[in-house]
Protein chains: 2
Amino acid sequence: MKLIDGRAAAADIMSEVSAAAAELRAAGTDPTLAIVVPTRDEATAWYVRSIERAAAKAGVTSRVEHLADPGAEDVTGLLRKLSADPSVHGIICQTPLPDGVSLEEVAAHIDTRKDVDGAGPTSLGRLAAGLPTFAPATAAAVLELLHREQVELAGARAVVVGRSTVVGKPAALLLLNEHATVTVCHSRTSELAEECAEADILVVAVGRPGFIGAEHIKPGAIVIDVGTNPTDDGGLVGDVDPAGARSRAGAYTPVPGGVGPVTTALLLRHTVTAARG
Amino acid sequence: MKLIDGRAAAADIMSEVSAAAAELRAAGTDPTLAIVVPTRDEATAWYVRSIERAAAKAGVTSRVEHLADPGAEDVTGLLRKLSADPSVHGIICQTPLPDGVSLEEVAAHIDTRKDVDGAGPTSLGRLAAGLPTFAPATAAAVLELLHREQVELAGARAVVVGRSTVVGKPAALLLLNEHATVTVCHSRTSELAEECAEADILVVAVGRPGFIGAEHIKPGAIVIDVGTNPTDDGGLVGDVDPAGARSRAGAYTPVPGGVGPVTTALLLRHTVTAARG
């Protein structure tokens, strides 16, 4: 069993991003990512700081826009303002959002060319239609890791567990665009272990610690664990039981150190791509 | 084996649409569908006439806009003009299109609220995100027929053969939104018959006459045949071999008389819905 090293992948992407950011600066463009934070949530603040640190390292300017107890229109108004601001190249909006609005609705107000986390419906639809666009960074990270491992996707049987708009659905659509036969499973799937155990590629994004065990894994399968579940002692665990993965998978992404660091690096890659125009 | 009667379903939808159209007229609104025809293709002309006839029957005004040998910008310009025209409520654009442009790109210029055939990327993304929108009429027809047959979708195993942006992908996303476990198969799928033979619900949209036979069908499965392949004698055949379906399926949609008439009826239902605003 091979552990897939997300930190090494992220480091490679980060040096590529640094070079691109330096080139942009030399040409007079300061690549800038705006991060809208409509919440005082502590986990969100922690994540935002990690993006800021990575951006600083890569030479990408991050601009954090806090909104204290906003209404939906405060958020959408700010997203429209940033979309119109030529000094901003990428825009992401954190959750939780004000009651009664979804990220997809809010993100519809981000200019698609600046929607570097592929959060808006137009980005998702362009992805589904196979048109050029930014995919959600987490879903893009899944594909990035599969590409780096040189996994043959065409004709492979891929199972995605989880159907969220930010991970499961876009990951499934990206796998489909690369000619995998794709099954999407979720909480209502009747025989989950049987479905998963037929997967050459198993992508898990459900947000339940250790939800997937050895019985879900086909011997030799590539397992991509998108889960990031906080533990009581301040750590992180994935959706896949590590012992189960170790006993059955051909290769798998640990948590932490798998999909997570690649996601942040891709967010920055998307930002410099957007800045290049 | 039950033959699913698409003509009866269409007739029901058409009377509902007629009533809605009459109500709209009584309130001073003339529900209007604009049909952009950027081609002299005879099959397209035939299909456009069938929509015009159905619209007339339902009391929906159809406005056919022919473009002779247009460039991409002639088409997108017209779509933008119709999008801005308050007397037009629904807009569809026929294919084939000028060389080098896809329907998805062109349809991005249709106002999403008037995109009654769900052809634009924003419509597709809203559908994927579970937001209110018009689904492509053919994909919506698949779900309409399953609903009318009272097929339990939650937890069912659905296999969609074909991954086009107009049928396969949106049908898969609609089935997923209704809690089916969904597999999308296509030309690169390695063991198609085995995949299909596990489906409680089999949706076929590949455009190859008789492509699916008895060996692809689980005994008792519901088979929805979206194929409409012209025959030499001027008829139509589906993608499913009728003898194969008869010998194995629990219920299936014939061609002609299955998905086709429901598609046209739903296009008109979408138009009156758009006219209601």
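Student: What makes a residue pair between chain B and chain A count as a polar contact?

Tutor: Two N or O atoms must lie within 3.5 Å; within protein, one must be able to donate a hydrogen and the other to accept it, and residues adjacent in sequence count only if both atoms are side-chain atoms. Between chain B and chain A, 20 residue pairs, both at pLDDT 80 or more, are in polar contact. This is a predicted model, in which local features need pLDDT of at least 70, side-chain atom pairs count only at pLDDT 80 or more, and totals for chains, interfaces and linings use all residues. Residues are numbered from 1 along each chain as its sequence is written, chains are lettered from A in the order in which they are written, and side-chain values use heavy atoms, without hydrogens and water.

Student: Why is the pair Arg157(A) and Glu195(B) called a salt bridge?

Tutor: The term requires a side-chain nitrogen of Lys or Arg within 4 Å of a carboxyl oxygen of Asp or Glu. The N to O distance here is 2.7 Å, so the pair qualifies. The count between the two chains is two salt bridges.

Student: How do you know that β6 of chain A and β6(B) pair?

Tutor: Strands (DSSP runs of E, at least two residues, numbered from the N terminus) pair if DSSP finds at least two bridges between them. Strand β6 (residues 181–185) of chain A and β6(B) have three bridges, in the antiparallel sense, and therefore meet the criterion. Thr183(A) has Thr183(B) as its bridge partner.

Student: What counts as contact, and how many residues does each chain give?

Tutor: Contact means heavy atoms within 4.5 Å; 33 residues come from chain B and 33 from chain A.

How values were computed. Helices (H or I, at least four residues) and strands (E, at least two) are DSSP runs, numbered from the N terminus.
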